[in-house]
Amino acid sequence: MPELPEVEVVRVGLEEHLVGRVVSSVEVLHPRAIRRHVPGEADFVGRLVGSKITAVRRRGKYLWWELADGTAVLAHLGMSGQMLIQPQNEADEKHLRVRIEFADGGPELRFVDQRTFGGLSLWDLVEVDGTVLPSAVSHIARDPMDPLFDIAAVARALRARRTEAKRALLDQTLVSGVGNIYADEALWRVGLHWARPADRLTVAQARDVLTAATEVMAEALRVGGTSFDALYVNVNGESGYFSRSLDAYGREGEPCRRCGSAIVREAFMNRSSFHCPRCQPKPRSRRR
DNA sequence: AGGGCAACCTGGGGGC
DNA sequence: TGCCCCCAGGTTGCCC
């Protein structure tokens, strides 16, 4: 469940179900589910068993839970990862990758991931620019929901990029949490084509597209995120409702809700981009 | 240094 | 029905 709103929905669910609990067992059913943990899977399991979960946090699309010993279990859902809280007697999901049980004997945590692009890892907590993060996340920029998100500074950095506006919005080292859906939605809201050079945005346009991204993600979060199918669900397996509110993403051939023109789909970065040809005109080629 | 692209996977859907 | 090709909310690593 990739983008910020969907990950935040999971974070809230994990916070409710995990804080204060002590891990009693960890079962890894697929080797790719434990990633980037150099000491290996056995070390990961050994360090996790007996540990107490003290907090569940998120930056962008990464989420993690802090352990009492100053380390953190970092999770990324990739393209298809789910975190499910399930009764112990519930049948295993087809793509169950990791099962974590707790000393209280209550519901277990299951990491389910069809495409195995997601995974768990264990890191030391470090302080970066005044915020405590797992060390593997230190390169990820603050997301728009972060109280210390500095929109003026990010707008300035966005305008310094010599690349297309959408590519910059998707760069997690510039602003985190924005993915393919919400980038298209933000660009539609402010009437900018995805290929507009970032360094030719006005100060106001740069600020406005970041504001639009913030707002569309906040709206999505309020209704549980965007779900097109059962792959994107909260910890209880429930889908969000924002897909019905999308204005651009996935609407090829359907009328723009602002001007009625048919939404266009184009290939971009080995994926799809959706825009309104009238509200978001293609930029003229760059002059030099 | 920073941008761009292939690679990492599984499964669903459409066309033939 | 089956096969094949295309598509999918992401990130990393390596090339230039």
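Start at Lys61: an N or O atom in its side chain is 3.0 Å from a phosphate oxygen of DNA strand C, a polar contact (a pair of N or O atoms within 3.5 Å; within protein, one must be able to donate a hydrogen and the other to accept it, and residues adjacent in sequence count only if both atoms are side-chain atoms). This is a predicted model, in which local features need pLDDT of at least 70 and side-chain atom pairs count only at pLDDT 80 or more, while totals for chains, interfaces and linings use all residues. Residues are numbered from 1 along each chain as its sequence is written, chains are lettered from A and ligands numbered from 1 in the order in which they are written, and side-chain values use heavy atoms, with hydrogens and water left out.

**DNA strand C**

Select Arg36 next. An N or O atom of its side chain is 3.4 Å from a phosphate oxygen of DNA strand C. Then go to Arg115, where a polar side-chain atom lies 3.2 Å from a base nitrogen of DNA strand C. Helix 5 (180-190) and strand 11 (271-275) are the elements that give two or more residues to the surface near this DNA strand. Helices (H or I, at least four residues) and strands (E, at least two) are DSSP runs, numbered from the N terminus.

Now select everything near DNA strand C, where near means that a heavy atom of the residue lies within 4 Å. There are 23 such residues, and the closest are Tyr62, Tyr232, Tyr249, Arg271 and Ser272. By class, eight are nonpolar, nine polar and six charged. Here Ala, Val, Leu, Ile, Met, Phe, Trp, Tyr, Cys and Pro count as nonpolar, Asp, Glu, Lys and Arg as charged, and the others, Gly among them, as polar. Of the atoms of DNA strand C within 4 Å of the protein, 58% belong to sugar or phosphate and the rest to bases.

**DNA strand B**

Switch to DNA strand B. The residues around it include Lys94, His95, Thr116, Phe117 and Asn270. The surface near DNA strand B has one nonpolar, five polar and six charged residues. Sugar or phosphate accounts for 66% of the atoms of DNA strand B within 4 Å of the protein, and bases for the rest.

- Arg167: an N or O atom of the side chain is 2.9 Å from a phosphate oxygen of DNA strand B.
- Gln114: a polar side-chain atom lies 3.0 Å from a base oxygen of DNA strand B.
- Arg32: a polar side-chain atom lies 3.4 Å from a sugar or linking oxygen of DNA strand B.

Show the protein as a cartoon and find the open sheet with the order 1-6-7-5, which has four strands in antiparallel pairing. Two strands pair if DSSP finds at least two bridges between them. Strand 1 (23-28) and strand 5 (81-86) are the edge strands, each pairing on one side only. Neighbouring strands are turned by 15° against each other on average, direction ignored. Axes are lines fitted to C-alpha atoms, for helices over the stretch in contact, and angles run from 0 to 180 degrees between N-to-C directions.

Five bridges join strand 1 to strand 6 (residues 96-102) in the antiparallel sense. Select Glu27 to see Arg99 of strand 6 opposite. Helix 2 (residues 41-48) packs on this sheet and touches strand 1 and strand 6, its direction making about 160° with that of strand 1; contact means heavy atoms within 4.5 Å.

Strand 2 runs antiparallel to strand 3 (residues 62-67), with six bridges between them. Among these strands' residues, select Ala55, whose bridge partner in strand 3 is Glu66.

End at Asp129. In the hairpin of strand 8 and strand 9, with two residues between the strands, Asp129 takes a positive phi near 55°.
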